[in-house]
There are 2 protein chains.
Amino acid sequence: MSRSYAQYCPLARALDVVGDRWAMLVVRELSFSPKRFTDLEQRLDGIAPNLLSRRLKELEAAGVVDRRRLDPPAAATVYELTEKGRGLETAMFELAKWGIGFLGAFEGGEAFNLEWLIPALEEMADRDAARGVWEVYEFRIDDASFWVRVEDGDVTVRAGRAAEKVDLLVETDLETFLGIGFGTIVPEDAAAGGRTRITGDAAKAEKALDILAPVRRIFSRA
Amino acid sequence: MSRSYAQYCPLARALDVVGDRWAMLVVRELSFSPKRFTDLEQRLDGIAPNLLSRRLKELEAAGVVDRRRLDPPAAATVYELTEKGRGLETAMFELAKWGIGFLGAFEGGEAFNLEWLIPALEEMADRDAARGVWEVYEFRIDDASFWVRVEDGDVTVRAGRAAEKVDLLVETDLETFLGIGFGTIVPEDAAAGGRTRITGDAAKAEKALDILAPVRRIFSRA
DNA sequence: CTGCATCCGCTTCGATACTG
DNA sequence: CAGTATCGAAGCGGATGCAG
């Protein structure tokens, strides 16, 4: 473990646990789904393997992360969040919302994962456009997926598959999805080009696009 | 600035700004009130002055902290949070709530400030005891103060003086306050010993004690 | 192939001393 | 009071190697 702040303070204690470099980003990754060592190494570009190893041990010792060995056929070790680790999600969410203000335009050259933008999707959704709408959307982009619950002006966005029945399912690849986000691809073209499959009502798809549209602001380069 | 994670992710961006050692604790201190360099140095026991200097510059550059020079009579520089900095409070609050689980019993030997426990006071307050109660309490302990708003089962605790009219004002010193928290001092004795001044109804004081009592759990050494 | 351990150069941190 | 200067220690990043 790294040097403690030695303060009898809840915030300092939290930072003793997840305040070290990379620690909270490890938790972020595991908050989307359990992962293997090499998965983490790949998604946390630039982390040294020994450091990742150390962080996982520290987080395990603190009861935040659990190490689970899979059965022989899939001989692998996966790391996943414990209940305590999942308790950190609210705080990470708030921190991420605050971080939106520092995002700036996406210029490339930085690592990127769709799941990382989920707090931004939720924070920036157009609540007015969502008024009177009660629906659940699911998006599948390459391997990743997220879903959106719209409840009359209230919008929730979460990683993973929707547990409930979805009214609209959008399947596409990352390039197309970002293209729509950037505004360089018109949704109709994406659908026509066969790179996007929409299961559900076209009107619903348009409404979904309206609700999520403000996210484009963070991509804008003008 | 320190090394960036180089990820297009709101959380990583937030950590680029306040993820370095001591950075968030500097913000925590300023969230209670504006402070001078030496005040911060003292309350962040163990921080090196050059590091504090760096952090303040970085936070100022990021627009989180503002440096303000006071007029000649009080020749001093004070640091305070900007609007953006104050926006971090929610996230810090959530992080602190999560950190309560790692607090453990207070054994001494660690730095301590009453204000640090405010998230714990709020989180652990007895909502059932607060049902049907609509009141505002203010506590003044040595130089520090905090206030509690009880609204029929809803309890809010904040640092500083209450803006509204208070129904109960408790003034005491830290030793006595902690003694009551530890359970080593009975409130009646504290009042009788003249070390505590209570302005307001005795019945209200007792109710306040009931509502805030669960905090004792984190002090308990048994 | 996964999950690390080791080594090494570099960056950041921490403690003390010192100055406008 | 509000920092800057200095320097040793610790932590980090990148490359490589290796065992299960």
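Which residues in H4(A) do Ala23(A), Val26(A) and Val27(A) in H2(A) meet? In this predicted model, the partners in H4(A) are Leu52(A), Arg55(A), Leu56(A) and Leu59(A). The two helices pack at an angle of about 75°, and their axes are 10 Å apart. H2(A) and H4(A) are therefore roughly perpendicular to each other.

The corresponding pair in chain B was examined in turn. H2(B) packs against helix H4 (residues 49-61) of chain B at an angle of about 75°, with 10 Å between the axes. An angle of 65 to 115 degrees counts as roughly perpendicular, and H2(B) and H4(B) are therefore described in that way. On the H2(B) side the contact involves Ala23(B), Val26(B) and Val27(B), which meet Leu52(B), Arg55(B), Leu56(B) and Leu59(B) in H4(B).

Chain A contains 11 helices and eight strands. Its C-alpha trace spans about 55 × 45 × 35 Å along the principal axes. Chain A has 222 residues, of which 50% count as buried. Of the contacts in chain A between residues at least 6 apart in sequence, 56% join residues at least 24 apart.

The arrangement of the two chains was considered next. Two copies of a chain are related by a rotation about an axis and a shift along it. Here, chain A is superposed on chain B by a rotation of 180° with 0.0 Å of shift along the axis, at an RMSD of 0.1 Å. That is the relation of a two-fold axis. Within chain A, the residue that comes closest to the rotation axis is Ala91(A), whose C-alpha lies at 2.7 Å. Of the interface residues of chain A, 100% are also interface residues in chain B, so the copies meet through the same surface.

The largest nonpolar core has 66 residues. Leu11(A), Leu95(A), Leu11(B) and Leu95(B) are the residues with the most contacts inside this core. Leu95(B) illustrates how residues of both chains are brought together: apart from residues up to four places away in sequence, Leu95(B) touches Pro10(A), Leu11(A), Ala14(A), Leu15(A), Met24(A), Leu88(A) and Ala91(A) of chain A, along with Met24(B) of chain B.

Leu95(A) takes part in a helix contact within chain A. Helix H2 (residues 23-32) and helix H6 (residues 89-99) of chain A pack at an angle of about 110°, and their axes are 11 Å apart. That makes H2(A) roughly perpendicular to H6(A). Met24(A), Val27(A), Arg28(A) and Ser31(A) supply the H2(A) side of the contact, while Glu89(A), Met92(A) and Leu95(A) supply the H6(A) side. Val27(A) of H2(A) also belongs to the group that meets H4(A).

Helix H1 (residues 10-18) of chain A has nine residues and nine of them are buried, so H1(A) is largely enclosed by the rest of the structure. Among the buried residues of H1(A) are Leu11(A), Ala14(A) and Leu15(A), as well as the charged residues Arg13(A) and Asp16(A). The cover over the buried residues of H1(A) includes elements of both chains: H2 and helix H4 (49-61) from chain A, and helix H2 (23-32), H6 and H7 from chain B.

Three further buried positions in chain B were examined. Glu29(B) is located in helix H2 of chain B and is buried, with a relative accessible area of 0%. Beyond residues up to four places away in sequence, Glu29(B) touches Lys35(B), Leu40(B), Arg43(B), Leu44(B) and Trp116(B).

Arg43(B) is also among the residues touched by Glu115(B), together with Phe32(B) and Ala144(B), again not counting residues up to four places away. The side chains of Glu115(B) and Arg43(B) are joined by a polar contact of 2.7 Å. Glu115(B) lies in the loop between helix H6 (89-99) and helix H7 (118-124) of chain B. Its relative accessible area is 11%, and Glu115(B) is buried.

Ala190(B) belongs to helix H9 (residues 187-192) of chain B. With a relative accessibility of 6%, Ala190(B) counts as buried. Neighbours within four places in sequence aside, Ala190(B) is in contact with Thr176(B), Ile180(B), Ile185(B), Arg195(B) and Thr196(B). Ile180(B) is 10 residues away along the chain, and the two C-alpha atoms are separated by 8.4 Å.

Terms used
Residues numbered from 1 in each chain as written. Chains lettered and ligands numbered in written order. Predicted model: local features only at pLDDT ≥ 70, side-chain atom pairs only at ≥ 80, totals over all residues. Heavy atoms only, no water. Least-squares fit on C-alpha atoms with pLDDT ≥ 70 in both. Contact = heavy atoms within 4.5 Å. Helix = DSSP H or I, 4+ residues; strand = E, 2+ residues; numbered from the N terminus. Buried < 20%, exposed > 50% of the residue type's maximum accessible area, 1.4 Å probe, protein only. Polar contact = N/O pair within 3.5 Å; in protein donor to acceptor, adjacent residues only side chain to side chain. Core = buried A, V, L, I, M, F, W, Y, C linked by side-chain atoms within 4.5 Å. Axes fitted to C-alpha atoms, helices over the stretch in contact; angles between N-to-C directions. Parallel < 35°, antiparallel > 145°, perpendicular 65-115°, else oblique.
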